[in-house]
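Dear colleague,

Please find the structure below, followed by a short account of what was found in it.

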Amino acid sequence: MTFLYEVKNLDFNYQLEGIQFQALKKVNLKVSAGDVMTFAGPSGSGKSTLLNLMGLMEETSNDMIFYNGNCMGSMGNEDKNNIRRFDIGFIFQSFHLFPVLTAYENIEFFLIRQGVDEKKRKELIQESMEVLGISDLQNKRPTQLSGGQRQRVAIARALAKRPKVIIADEPTASLDQKNGEAVVDHLFGINKKFGTTIIVASHDPMVLRHSPKIINLIDGEIQKESL
Ligand SMILES: Nc1ncnc2c1ncn2[C@@H]1O[C@H](COP(=O)(O)OP(=O)(O)O)[C@@H](O)[C@H]1O
Ligand SMILES: [Mg+2]
């Protein structure tokens with residue numbers, strides 16, 4: 001069986017003014033297509049580092065990460081760009097929407113980069129907005145939206161790509177409890193509706209209560225009992 005992700009004995013070091021800091025230590029894990037997985041652990045435990053490596057956000061060799069059975073470290077730039085463009089939808093704590101674009105245009109942005117034609121874009125955007133319950137917000141710019149609405153636009157943008165995996169780093173950290181809960185419901189609902197693999201990093205107890213599978217990271221190490 002081929003896993004969507006297989007991480008094998010992954011170490012990761014940051015270099016800070018000549019000093020090495022080991023952010024990940026011998027991380028081993030497997031993610032199957034269709035899984036929902038949450039990385040928990042205190043701030044500084046390496047959650048974002050791991051998600052950034054799995055999501056090809058860091059320009060590093062990723063020799064220990066296998067995606068669909070292929071070593072990320074051996075992939076050329078074109079393969080990596082295609083995975084970023086087509087397979088992965090990334091969601092950030094601070095939404096990362098373009099302030100000058102409307103909600104609709106924000107969602108459309110990556111579809112244009114994918115080369116999707118206008119008619120198909122409209123279909124994908126409208127369905128994604130419906131799923132997230134934000135169809136009436138399509139002409140609003142981010143500054144006209146609440147935090148919860150912005151995060152739902154960001155999720156709709158990720159979903160519109162129909163990615164294989166959605167990676168969400170602390171998706172509720174900028175939200176109050178009620179909006180956070182709605183965001184988590186939508187995120188995990190996408191897994192049920194579309195079968196999308198969902199990988200989340202969070203230390204929000206509410207997110208962890210809703211998470212079917214939790215892997216704990218402490219000081220860059222996966223706690224064995226959580227596997
Ligand atoms: N760009 C960086 N340079 C140096 N150290 C970093 C950098 N990013 C993160 N770190 C350090 O790596 C550790 C893990 O960070 P991070 O992955 O952001 O943890 P988490 O997301 O769990 O809070 C922390 O000690 C953090 O200070
Ligand atoms: Mg983090």
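L187 touches I91, I155, I166, A168, P171, I198 and V200, leaving aside residues up to four places away in sequence; a contact here means heavy atoms within 4.5 Å. Apart from it lies another core, of 31 residues, among them L24, L29, L217 and I222. A nonpolar core is a set of buried Ala, Val, Leu, Ile, Met, Phe, Trp, Tyr and Cys residues joined through side-chain atoms within 4.5 Å, and buried means under 20% relative accessible area (1.4 Å probe, protein chains only).

This is a predicted model, in which local features need pLDDT of at least 70 and side-chain atom pairs count only at pLDDT 80 or more, while totals for chains, interfaces and linings use all residues. Residues are numbered from 1 along each chain as its sequence is written, chains are lettered from A and ligands numbered from 1 in the order written, and side-chain values use heavy atoms, without hydrogens and water.

The largest nonpolar core has 35 residues, and L187 and I198 have the most contacts inside it. Helix 5 gives the most to this core, with seven residues.

In helix 3 (residues 103-114), the buried residues are A103, Y104, N106, I107, E108, L111 and Q114; helices are DSSP runs of H or I, at least four residues, and strands of E, at least two, numbered from the N terminus. Their cover includes helix 2 (77-87), helix 4 (118-132) and helix 5 (147-160).

L97 lies in the loop between strand 6 (88-91) and helix 3. L97 counts as buried because its relative accessibility is 13%.

Yours sincerely

Methods:
Buried means under 20% relative accessible area, exposed over 50%, partly exposed in between (1.4 Å probe, protein chains only).
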